[in-house]
Amino acid sequence: MSERHPLFYPVVLLGGLVFGFGLAYSHMARPEVVLEFLQLQDFGLLFVMFGGSIVAGIAFFAVPALRERAPLTGRAYGRRMKSFDRNVAAGGVIFGVGWGLTGICPGAAYASLGVGNYPILWGIAGMFLGAYGQGYVRSLRADRDVDLSAAD
Amino acid sequence: MLELLGTSLAELFPNGISRYAIGGVLVGLGVVIVYVGTGIIAGASTFLESTLSYVSGQSRFKQYRSSRDWRIVFTLGIIGGAAVYAVLFQGGIWTTEVQWWRLLIGGVLVGIGTRIGKGCTSGHGVCGVASASVTSFVNVAIFLAVAIATAQLVMLAGVAP
């Protein structure tokens with residue numbers, strides 16, 4: 001790993017602090033409030049998701065027009081583009097069931113810990129288990145594919 | 001007419017709008033701070049796999065080794081920022097009434113779903129949508145529809161909290 005700029009971690013930390021404060025301020029760190037949205041009783045969550053998108057979107061489109069590379073990493077400015085495949089749809093369905101059941105998603109769960117919600121550790125433990133399970137299965141498949149091609 | 005509009009707004013947003021709008025702008029601002037400084041577009045769910053790379057040698061997790069350090073810093077920031085809110089505005093800790101088994105089972109599904117689906121509410125829902133990514137629009141439409149249907153079923157089944 002190359003040397004990091006001395007301001008790299010402080011800037012990432014500051015971004016996380018503002019991000020987490022925003023999640024707590026919007027009450028997204030409370031699963032109950034997310035569930036009220038999903039039960040169509042309070043549509044405030046739409047303002048959080050799309051409010052955040054608009055602010056980030058302005059930066060994603062404006063900053064690359066102003067300069068080419070980020071000062072702390074030399075990384076080229078780009079946008080978040082992921083290719084579409086069946087996994088995107090399947091993952092959306094599985095995530096949707098989990099989110100609908102509990103009102104928790106990763107970022108909001110970390111923020112929930114910050115507001116003192118220690119029972120959320122059950123949810124965070126679950127997320128790590130789920131992430132590990134899918135990683136284990138996909139690693140097995142990837143390794144098998146490598147073996148198969150090596151045998152040719 | 002204005003009164004009618006006021007009534008329906010109060011029904012759609014029983015807790016008002018400012019809390020959500022201000023919070024959302026701050027969430028976006030957090031993403032922007034990291035982006036402007038580093039060029040990195042930070043989501044919250046990759047932290048799960050990147051952190052697992054410390055304890056697992058599986059090939060799936062290895063690919064996140066280069067980002068695992070800053071993802072921990074970002075996540076500690078999220079926890080810290082929420083703690084600042086709790087101290088300034090909440091006056092003590094807040095805990096959920098949602099039962100532990102719901103959190104655990106839902107958490108497992110969230111962990112699988114975000115990793116297979118290449119993102120979560122922040123990755124696709126905020127950053128992907130902000131990038132005008134069609135993949136993210138599709139993922140968000142699917143997870144919103146499925147989550148609303150699931151929450152309705154849970155409510156109908158009388159599971160509370």
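Chain B of the predicted model is built from eight helices and contains zero strands. Read from the N terminus, its elements follow the order α-α-α-α-α-α-α-α. The C-alpha trace of chain B extends about 60 × 40 × 40 Å along its principal axes. Of the 161 residues in chain B, 53% are buried. Among contacts in this chain between residues at least 6 apart in sequence, 50% link residues at least 24 apart.

In chain A, helix H4 covers residues 86-102 and comprises 17 residues. At the start of H4(A), a side-chain oxygen of Asp85(A) comes to within 2.9 Å of the backbone nitrogen of Asn87(A). The buried residues of H4(A) include the glycines Gly91(A), Gly92(A), Gly96(A), Gly98(A) and Gly100(A). Val88(A), Phe95(A), Trp99(A), Leu101(A) and Thr102(A) are also buried in this helix. The cover over the buried residues of H4(A) is drawn from both chains: it includes helix H2 (31-38), H3 and H5 of chain A, along with helix H6 (100-116) and helix H8 (134-156) of chain B. After H4(A) comes Gly103(A), which has a positive phi near 75°.

Thr102(A), a residue of helix H4 of chain A, has a relative accessible area of 0% and is therefore classed as buried. A polar atom of the Thr102(A) side chain lies 3.1 Å from the backbone nitrogen of Ile104(A). When neighbours within four places in sequence are left aside, the contacts of Thr102(A) in chain A are with Pro31(A) and Leu35(A). In chain B, Thr102(A) is in contact with Val98(B), Arg102(B), Leu103(B), Gly106(B) and Gly107(B).

Helix H5 of chain A is largely enclosed by the rest of the structure, because eight of its nine residues are buried. These buried residues are Pro106(A), Gly107(A), Ala108(A), Ala109(A), Tyr110(A), Ala111(A), Ser112(A) and Gly114(A). H5(A) is followed by Gly116(A), for which phi is positive, near 95°.

The structure contains one cavity of 30 Å³ or more. The volume of the largest cavity is about 190 Å³. Its lining consists of 15 residues, with Leu23(A), Met28(A), Val48(A), Cys105(A) and Thr121(B) nearest the centre. Helix H1 (8-25), helix H3 (44-66) and helix H5 (106-114) of chain A each contribute at least two lining residues. H3(A) provides the largest share of this lining, with three residues. By class, the lining of the largest cavity comprises 12 nonpolar and three polar residues, with no charged residues.

The largest pocket has a volume of about 690 Å³. It is lined by 34 residues, and those closest to its centre are Arg75(A), Ile40(B), Ile41(B), Trp70(B) and Arg71(B). Helix H5 (68-90) and H6 of chain B each supply at least two residues of the pocket lining. The lining of the largest pocket is made up of 10 nonpolar, 13 polar and 11 charged residues.

Several loop residues were also examined. Glu68(A) is located in the loop between H3 and H4 of chain A. Its relative accessible area is 60%, and Glu68(A) is therefore exposed. Apart from neighbours within four places in sequence, Glu68(A) is in contact with Arg75(A), Ala76(A) and Tyr77(A). Glu68(A) and Glu3(A), separated by 65 residues in sequence, have C-alpha atoms 21 Å apart in space.

Leu40(A) is found in the loop between H2 and H3 of chain A. Although Leu40(A) is not a glycine, its phi is positive, at about 60°. With a relative accessible area of 42%, Leu40(A) is partly exposed. In chain B, Lys118(B) occupies the loop between H6 and helix H7 (123-130). Lys118(B), likewise a residue other than glycine, has a positive phi near 70°.

Notes: Residues numbered from 1 in each chain as written. Chains lettered and ligands numbered in written order. Predicted model: local features only at pLDDT ≥ 70, side-chain atom pairs only at ≥ 80, totals over all residues. Heavy atoms only, no water. 1 Å grid on protein atoms, 1.4 Å probe; cavity = no way out; pocket = protein on both sides within 12 Å on 5 of 7 lines; lining within 4 Å. Points joined across faces, edges and corners; volume = space filled by probe spheres on them. Helix = DSSP H or I, 4+ residues; strand = E, 2+ residues; numbered from the N terminus. Nonpolar A, V, L, I, M, F, W, Y, C, P; charged D, E, K, R; others polar. Expected span 1.5 Å × (residues − 1). Buried < 20%, exposed > 50% of the residue type's maximum accessible area, 1.4 Å probe, protein only. Contact = heavy atoms within 4.5 Å. Polar contact = N/O pair within 3.5 Å; in protein donor to acceptor, adjacent residues only side chain to side chain.
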